[in-house]
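Here are my notes on this one, point by point. Have the model open while you read.

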Amino acid sequence: MKADLDLDIGRKTFSSGLLPELIAVLRRVRPGDLVAVVGDEESVGPELETWCRFTGNTLLETTVANGRSRWVFRCGTVPVSPLDNRPVGTRLWLYTNFHCNLCCDYCCVRSSPTAPRRELGLDRVQRIAREAAELGVKEIFVTGGEPFLLENVGEVLASCAATAPTTVLTNAMLFTGRRAESLQTLPRDRIVLQISLDSATPELHDLHRGPGSWARTLEGIQKAREQGFRVRLAATVSTDAEAEEFRQFLDEEKIAAEDRVIRRIALRGSAATGLAVSRADLVPEVTITADGVYWHPVGAADADLLVTRDIFPLSEAFAAVRRAFEREGEHTHKLARIFNCA
Ligand code: SF4
């Protein structure tokens, strides 16, 4: 993980002068900056973590290379809007697959045409949907990768929609042939298409997502609307200025507030820059992939957000996420916020 400031502490520890160095660093950085501390004493790690919790900073990563330890912490809280809390388990995310027709430079799970597919599979989706019905799930979100690469995407979505209102996240570039036919069979009153569109004009969108993608996504949006689907537009942006520009576009297009998502690039997956978020920053939203149950969709391929490899019984997977959240809550300086992916 790239840092804004690097601090080499050599053999220093908290009992031999590290604290004044950290205080000096905090005077030089801005909230949200990442600081990398590199040292020769691995034992500093637990104390550094305690110090981070005590001072309201967040330890994001620990690595060891060539006998030296490197810890990256973020200064201060995550600058995202605190929204109303959602009880854990009301939202359920399914990563149906990890391959994608695009290769966006900020993809939080490193999807691409060559990424291993890691498909959840229709049988598992159907079992999850059945068990979710008993667990008070209010919304299901289907994402990937690109779900419309799946031949049976129609059946996958229909199974989910039978349990709860379902949103499918898509780049809308594959609504042709058999995929378009799948769309036609889906219940319009139970399924929302959340379509990724990063900017009002092609430049920025294509810069991150590839040449020509903006125009094809716009065609997809048009098709989805013509078929009577509710479409939610979701932008991933780098700056407040980009967010504001997109907001103006949505105003001009008269897009309702509930059909807009504007979120910052998260420093996960393929992203080289973005908002660094750790488990402690995120209110969990149970997220299931072929590899197991994760804390939140924004890091559904990252070991630090894996809760358990066991998906079934689903009630136990939900309980595991709740227990993990309670454990996080025991750290009184925890600052979990909702990071809206939908
Ligand atoms: S961000 Fe979405 S569209 Fe882009 S590579 Fe990742 S999954 Fe595919």
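1. Helices (H or I, at least four residues) and strands (E, at least two) are DSSP runs numbered from the N terminus, and two strands pair if DSSP finds at least two bridges between them. Axes are lines fitted to C-alpha atoms, for helices over the stretch in contact, with angles from 0 to 180 degrees between N-to-C directions.

2. This is a predicted model, where local features need pLDDT of at least 70 and side-chain atom pairs count only at pLDDT 80 or more, while totals for chains, interfaces and linings use all residues. Residues are numbered from 1 along each chain as its sequence is written, and side-chain values use heavy atoms, leaving out hydrogens and water.

3. Start with the open sheet: 4 strands in the order β1-β2-β4-β3, with mixed pairing. At the edges sit β1 (5-10) and β3 (58-65), each pairing on one side only. From one strand to the next, the twist averages 20°.

4. β1 and β2 (residues 34-39) run parallel and are joined by 5 bridges.

5. Helix α1 (residues 18-28) lies across β1, β2 and β4 (68-74), at about 170° to β1. Helix α2 (residues 44-55) also packs on the sheet, touching β1, β3 and β4, and its direction makes about 10° with that of β4.

6. Further along, the axes of α6 (residues 202-209) and α7 (residues 213-226) come within 8 Å and cross at roughly 105°. With 65 to 115 degrees counting as roughly perpendicular, these two helices are therefore roughly perpendicular to each other. P202, H205, D206 and R209 of α6 meet S213, W214 and T217 of α7.

How values were computed:
Contact means heavy atoms within 4.5 Å. Angles under 35 degrees count as roughly parallel, over 145 as roughly antiparallel, 65 to 115 as roughly perpendicular and the rest as oblique.
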